[in-house]
Amino acid sequence: MDSLAKPVHSLNMEFHPLVEQLKQKFRASPVLFLGRGLLILVVFLIVINIIRQQLPRSKSEPPLVFHWIPFIGNAVSYGLDPFVFYSQCQKKHGDIFTFILFGRKMTVYLGLEGNDFILNGKLQDVNAEEIYAPLTTPVFGSDIIYDCPNAKLMEQKKFVKFGLTHNALCSYVPLIEKEVIDYLKVAPAFKGHSGVVNIPAAMAEITIFTASRTLQGKEVRNKLSAEFAELYHDLDLGFRPINFLMPWAPLPQNRHRDAAHAKMRSIYIDIINERRASGKTPTEEDSDMIWHLMTCVYKNGTPLPDKEIAHMMITLLMAGQHSSSSSSSWIMLRLASRPDIVEELYQEQVRILGYTGSEPLQYSDIDKLPLLQNVIKETLRVHSSIHSLMRKVMRPIPVPNSDYVIGSDKVLVSSPIMSHMSEEHFTSAHVWDPHRWEDISTEEKGDMVDYGYGAVSKGTKSPYLPFGAGRHRCIGEKFAYVNLCTIISTLVRNMKFTTMDGKSTVPATDYSSLFSRPMQPSTIRWERRSDAP
């Protein structure tokens, strides 16, 4: 024992001065001491992270995108510009690669094969609910969309799809047109003969007015007062990127989100109760999605509960408004950059529809206006609202024609905008050119499949997927298309538009939200046409 005690005693004597010195430094400046210690720890973790990335990897693992900081990973470069990030990674690693996003392993598979692999994946392999439910449920509500079994979701999509009948769409066009014309008469930004307008803000108002009047009904449209607008704003706070990571966080914005959801749900339930109490039978003229959902019954014989009707109406209002608002803003910004296209659109209506200044647009007119349709198509190609579609891997999935196996520790990511902007599929892909569609057919070729809400094309191998594909394809695409066509045609009939500097430039894309939208403010000039009302 003595032979061991002496070396230990000697070691203690040797380290004692060093320990005392560290104690003195801590007493003198504890903050500085802890700061230096934290810095050393961070540097140590970064070094370990770099070393781990240099170690040999299994052939079944896709290449890993280099990142300096553990956990945070590639969040900054991805968040600033996902399209540029994907393009750089594709150039270095190919179509399949993995990057780190706040601790999550995100495996991206680009191109047509990637879209098909992910968006047409089997339920037992990939799952959207695992990814999106924590984000959407506090905003949309429980027991719908991603907060219910997939079979129930497919029934809910069927309810909505059957509510968007041909007759309903026909009745929506004059209502949308009237909302736009009324807005141009009363909005402060459109006072006078000419002026300037922050177009994203204007389009956000127009799209919520048109969607509420058509899908939601007169009562909801009449409630778009200051109070309802505030509720919408508070709910919208639930779609911030921080909520994607921590929807449960006790943040002020989340408390406002939850209170707004409860209030908005009660508004819809009050409308439903008032309609039932009135004993009124809806006419074709005033039929809307609320009336339709009040008649829907699940396959097991259970009527669609009022709470779920309210939550589905909140979903239609929130999700549809975001994408339509973003798309219509980009359309108007692109048109302002090309006054010649604006004039072509106007002359198309004069030539084909015989427009003289007072004739209302009809649903049947939309198919007669190819340039209008092509402007919509081209803008949806260049400016997709959602840059990344994600699915949680539920069990290891081998990637066909490769050595890769995507494990259940991964999130699969598809990005249709990468094929939208690929020279392989579209000549001069980065140029906004509506006339390119005169020689391109967007007819989807592929198997028809019924996921539970009616037969649709899988469409997953198409290079053009503005509304997604597979079982989670956007159910409101027909309405969105009619809404956009009617809004844009009405604006063009009444106004001329140009950029502030007269150049053919558009603003950068803002990726700070979960939706890709123009940077704000994005101001353009407008001038009222001489024959406009």
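Guide: What follows is a set of questions about the labels used for this predicted model.

Visitor: How many helices and strands does the protein have?
Guide: The secondary structure comes to 20 helices and 14 strands. Of the 533 residues, 48% are buried. Among contacts between residues at least 6 apart in sequence, 71% join residues at least 24 apart.

Visitor: Why is Trp437 called buried?
Guide: Its relative accessibility is 4%, and buried means under 20%. Trp437 therefore counts as buried.

Visitor: Where is Trp437 found?
Guide: Trp437 is in the loop between α19 (416-420) and β9 (448-450). Trp437 and Lys377 are 60 residues apart in sequence, with their C-alpha atoms 7.9 Å apart in space.

Visitor: What makes the pairing of Trp437 with Glu378 a polar contact?
Guide: The two side chains come to 2.8 Å, and the cut-off for a pair of N or O atoms is within 3.5 Å, with one able to donate a hydrogen and the other to accept it. The pair is therefore listed as a polar contact.

Visitor: Which backbone oxygen lies 2.8 Å from a polar atom of the Thr137 side chain?
Guide: That of Ala133. Thr137 has its place in helix α6 (residues 129-140). Leaving out residues up to four places away in sequence, Thr137 touches Ser142 and Asp147.

Visitor: Which residues touch the most other members of the largest nonpolar core?
Guide: Tyr86, Tyr268 and Leu335 do, in a core of 125 residues. Helix α15 (residues 306-337) gives the most to this core, with 13 residues. Apart from it lies another core of 14 residues, including Val126, Val399, Ile406 and Leu412.

Visitor: What does Leu335 touch?
Guide: Not counting residues up to four places away in sequence, Leu335 touches Ile341, Val342, Leu345, Val375, Trp432, Ile488, Val492 and Phe497.

Visitor: How is the packing of α15 and α20 described?
Guide: Two packed helices are described by the angle between their axes and the distance between the axes. For α15 and helix α20 (residues 477-494), the angle is about 35 degrees and the axes are 11 Å apart. The crossing of α15 past α20 is right-handed.

Visitor: Which residues of α15 and α20 meet?
Guide: From α15 they are Ser324, Ser327, Ser328, Ile331, Met332 and Leu335; from α20 they are Ala480, Leu484, Ile488, Leu491 and Val492.

Visitor: What makes three residues of this contact polar?
Guide: The contact divides into eight nonpolar, three polar and no charged residues. Ser324, Ser327 and Ser328 take part.

Definitions and conventions: Residues are numbered from 1 along each chain as its sequence is written. This is a predicted model: local features need pLDDT of at least 70, side-chain atom pairs count only at pLDDT 80 or more; totals for chains, interfaces and linings use all residues. Side-chain values use heavy atoms; hydrogens and water are left out. A nonpolar core is a set of buried Ala, Val, Leu, Ile, Met, Phe, Trp, Tyr and Cys residues joined through side-chain atoms within 4.5 Å. Buried means under 20% relative accessible area, exposed over 50%, partly exposed in between (1.4 Å probe, protein chains only). Helices (H or I, at least four residues) and strands (E, at least two) are DSSP runs, numbered from the N terminus. Contact means heavy atoms within 4.5 Å. Axes are lines fitted to C-alpha atoms, for helices over the stretch in contact, and angles run from 0 to 180 degrees between N-to-C directions. A crossing is left-handed if the near helix is turned anticlockwise from the far one by less than a right angle, and right-handed if clockwise. Ala, Val, Leu, Ile, Met, Phe, Trp, Tyr, Cys and Pro count as nonpolar, Asp, Glu, Lys and Arg as charged, and the others, Gly among them, as polar.
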